[in-house]
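Good morning, colleagues. Please look at the structure as I speak.

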Amino acid sequence: MKLSEIPTPALLIDVPAMQRNIERMAEFFAEGQCRLRPHFKAHKTPEIARRQLAAGSCSGLTCATVDEAEVIAAEGLTDDVLIANQVVGPGKAIRVAKLAASADFDIKVAVDSEAGLADLAQAAQDAGVEIGVVVDVNVGLPRCGIAHGEPALALARKVEATEGVTLRGLMGYEGHVVAIEDRAEREARTAKAMSRLLETAQLLREDGLPCDIVSAGGTGTYDITGRMEGITEIQAGSYVLMDSAYAKLDIPFEQAFSVLGTVLSRPRPELCAADNGHKACSQDHGNPDVKGVDGASVLFLSDEHATIALPPESAIAVGDRIELWPSHIDPTINLHDVLYAIEGVEVAGVWPISARGYAEQRKSGRDS
Ligand SMILES: Cc1ncc(COP(=O)(O)O)c(C=O)c1O
């Protein structure tokens with residue numbers, strides 16, 4: 001298949017650019033104590049994870065959901081997985097226990113509450129397995145994570161005293177600072193966030209608790225957090241494909257991902273409408289950019305249309321192709337079933353986005 005034959009809307013991967021991103025990141029983590037644990041949620045695609053792991057410097061994979069962990073296990077991508085999120089809700093802890101039952105699968109789960117811990121421990125005890133736990137510490141992002149210091153220490157003690165779970169360490173995601181454009185400010189705010197995590201790790205050690213894992217970091221902070229003494233791994237995901245939001249930062253990764261559309265209409269010289277609307281391209285971090293058309297910009301996305309402002313002299317015509325650079329890769333990828341891997345003008349592969357959507361929903365749809 002040629003690039004020109006791909007039905008639209010469709011997701012394109014610039015394979016050489018992606019490969020350069022993978023190699024740059026692996027090279028960075030080849031030095032020093034800290035390892036990379038690439039976040040699978042960014043792309044949900046086994047073929048990409050295989051390439052990230054093959055490049056080296058990785059401790060395993062990070063993921064956000066039990067669904068993703070199940071895909072990682074089923075595909076045999078790695079035997080070392082961190083679910084960097086709380087596992088709470090019907091049936092989820094039981095599914096983690098099933099994964100832990102596989103002798104060579106080392107699974108760790110983030111926990112920030114006694115309720116979450118109890119659920120996980122019960123599932124582990126029922127299945128006769130041990131589930132690894134990292135205490136999730138809030139380092140400033142108003143999302144999950146127990147307060148740093150004494151509250152986190154108390155939860156770690158509780159983990160250590162609970163049957164069925166094994167305390168492995170801490171995590172703390174500084175998501176509130178990863179996208180700060182000004183480097184000096186990003187560094188200062190990252191240092192503040194990470195001091196909460198590192199001080200808590202010190203408290204655990206002083207208490208005689210194990211703390212082998214101290215996991216943190218994203219694409220915008222990989223070379224800040226990733227060079228801090230005491231941080232053992234970085235959970236960056238977006239670096240591999242990049243998006244227009246991260247492209248504003250001073251980081252050495254290329255945009256390797258776009259949403260291909262076909263021009264449906266050129267009703268006026270100063271605009272066109274293409275078929276890559278917001279059912280094909282997320283907008284939660286702002287409108288996408290237009291790739292490779294001087295002076296073009298997205299005016300707005302609707303369900304099935306991208307309305308694009310054009311310089312009136314532009315030669316773009318009905319039937320032409322137009323690529324958008326999304327502002328956020330994760331939710332864009334989750335809208336599609338496959339990625340088209342492009343090398344030059346050839347489609348080198350069509351890669352299933354195996355962990356997209358919600359597997360258990362699909363299963364209950366089939367079962368009902
Ligand atoms: C827990 C966690 N770790 C790490 C990341 C890193 O992602 P990114 O590479 O997009 O900065 C994310 C992204 O949202 C996350 O939620």
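Let us begin with Ser57, which sits in the loop between helix H2 (46-54) and strand S3 (61-63). Helices (H or I, at least four residues) and strands (E, at least two) are DSSP runs, numbered from the N terminus. The model is a predicted one, in which local features need pLDDT of at least 70, side-chain atom pairs count only at pLDDT 80 or more, and totals for chains, interfaces and linings use all residues. Residues are numbered from 1 along each chain as its sequence is written.

Ser57 is not a glycine, yet its phi is positive, near 65 degrees. The class lies between buried (20 or more other C-beta atoms within 10 Å of the residue's own) and exposed (12 or fewer), with C-beta atoms placed from the backbone.

Met242, also not a glycine, has a positive phi of about 65 degrees. It belongs to the loop between strand S9 (233-234) and strand S10 (257-268). Met242 is buried, since 24 other C-beta atoms lie within 10 Å.

The peptide bond joining Thr8 and Pro9 is cis, with omega about 0 degrees.

Finally, the ligand. Which residues are the closest to it? They are Tyr173, Gly218, Thr219, Gln235 and Ser238, from a surrounding set of 14 residues.

How values were computed
Near = placed C-beta within 6 Å.
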